[in-house]
Amino acid sequence: MNILVADDDLLSRRLLENVLSRAGYQVTAVRNGLLAAEQLCRLGGPRLALLDWDMPEMDGLGVCRKIRQQQDQNYVYIVLLTAKEAKSDIVAGLGAGADDYLTKPFDPEELKARLRAGQRILDLEDRLVEAREEMRFKATHDALTGLYNRGVIMDMLRREISRGRRERSSTAILLCDLDRFKGVNDTHGHLTGDEVLRETARRLLGSVRSYDLVGRYGGEEFLLILNNCDPASVLNRAEEIRKSFAEDPMETTAGPMKVTLSLGLLRSIDWEDRAAEALIREVDGALYAAKAAGGNCTKMANPRVSVAVPALPQG
Amino acid sequence: MPSLENILDPSELLIRVDNDYELLAELLDIFKRDLLDHMQCLGMAVANADAASIARAGHTLKGMLLNMAAGRAAATAAQMEGMGRSGDISGAQAIFARLQKETKELTPELEKCLAQVHP
């Protein structure tokens, strides 16, 4: 584990470096409080710190306060090393944000024991953060495909609608549905159906740019939000996605499977001031039309002009 | 905490450096060099009757001396620090002279301690 040692006295610094290196720590030693704060505030900096109280540039208390002001970084466990023994000093040190203190001259065994206690606190924090992130992921993502779930993709759609209106940028939404998916489940079982859904998610994610958004809207329905897209070419993009399914059978444990998509498309130039739910109804209508046309095709919702799907080059 | 009676507590110093000859030799070099600087600062502060500087130099010397397990000189440095903080520096000359004598006696003791751990 990395540890920062800050002490203006070279003798103290070398002694601490030695004891801590022997105890297995990777030691970064600095000679004043300003350098200590710099190290501790940087991303990926040490999370365990041993600070002398009296230092030039910024004292140990100042470093504690600066670290505690940083809200968006991992917890740093701080031990103050001081020759001060008065209760009021100790109270001031802990009040400034130190977790523990040791009086000089330090006893090597006591120092190591206190640092082990600090490490336990940091380990506990890591486990809590990990659990929180896992819960956050589960609350926002679909468990089977790992895509955003319906609630989140709808929130994102609302945000993108507002942003697009504010910035006058061009957005498009695509609602995709797997054709005859019920047949996959009925014929090959739900586990194979799950494989198809997972592979669909993977292909959809692979077919969009990093700043586009993909979510699972329903059972076998997926919602794509394409940002900053050219309204003239977005139909081509939808068709490329459709063809990437139609022309490349999926490998499943039940064998290769040809899976096709029907797509409804709606561009921001066509959606005026309507809310997200109204736009979904609109694009759902286009998807229904694609299904009614036999599936494996794209239909544009509310086109101002009739748009013919251009033939794409083969291969 | 080293005994305040002894010039040097060799066993405590050796525990602190984990009987490492090279480390002790390095610390001794740093100590001798820094001691000279800080004693000069303290001497000047005493001559100028500058209480704040006496407190600061006394504090630094106390820390160094405690690290080297030099209890007696550390206690004298602490006394200088206390005088500086209180602002009553009437006896500072005499105590500084005592600190000079104690630190002078300390260096050969440290050399002896180093010889004990010579590989």
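A: The account below starts with the chain contact and then turns to single residues. This is a predicted model, in which local features need pLDDT of at least 70 and side-chain atom pairs count only at pLDDT 80 or more, while totals for chains, interfaces and linings use all residues. Residues are numbered from 1 along each chain as its sequence is written, chains are lettered from A and ligands numbered from 1 in the order in which they are written, and side-chain values use heavy atoms, with hydrogens and water left out.

In chain A, 16 residues are in contact with 20 residues of chain B (contact means heavy atoms within 4.5 Å). The area buried between chain A and chain B is about 1,600 Å²; buried area is the accessible area (1.4 Å probe) that two parts lose on being put together, summed over both. Carbon and sulfur atoms give 62% of that area. A:L11, A:L15 and A:P105 supply 38% of what chain A buries against chain B, more than any other three residues.

Charged side chains also meet here: three salt bridges are counted between chain A and chain B. A salt bridge is a side-chain nitrogen of Lys or Arg within 4 Å of a carboxyl oxygen of Asp or Glu. One salt bridge joins A:R22 and B:D20, at 2.3 Å from N to O. Helix α1 (residues 10-22) of chain A gives the most to the side of chain A that touches chain B, with eight residues; helices (H or I, at least four residues) and strands (E, at least two) are DSSP runs, numbered from the N terminus.

Next, the cysteines. No disulfides are found over all chains, a disulfide being a pair of cysteine sulfur atoms within 2.5 Å. The sulfur of A:C176 is 12 Å from the closest cysteine sulfur, in A:C297, so it is too far for a bond. A:C176 is buried, at a relative accessible area of 0%, and B:C113 is buried at 1%. Buried means under 20% relative accessible area, exposed over 50%, and partly exposed in between (1.4 Å probe, protein chains only).

A:D212 is buried, with a relative accessible area of 7%. Not counting residues up to four places away in sequence, A:D212 touches A:I225, A:L226, A:N227 and A:R237.
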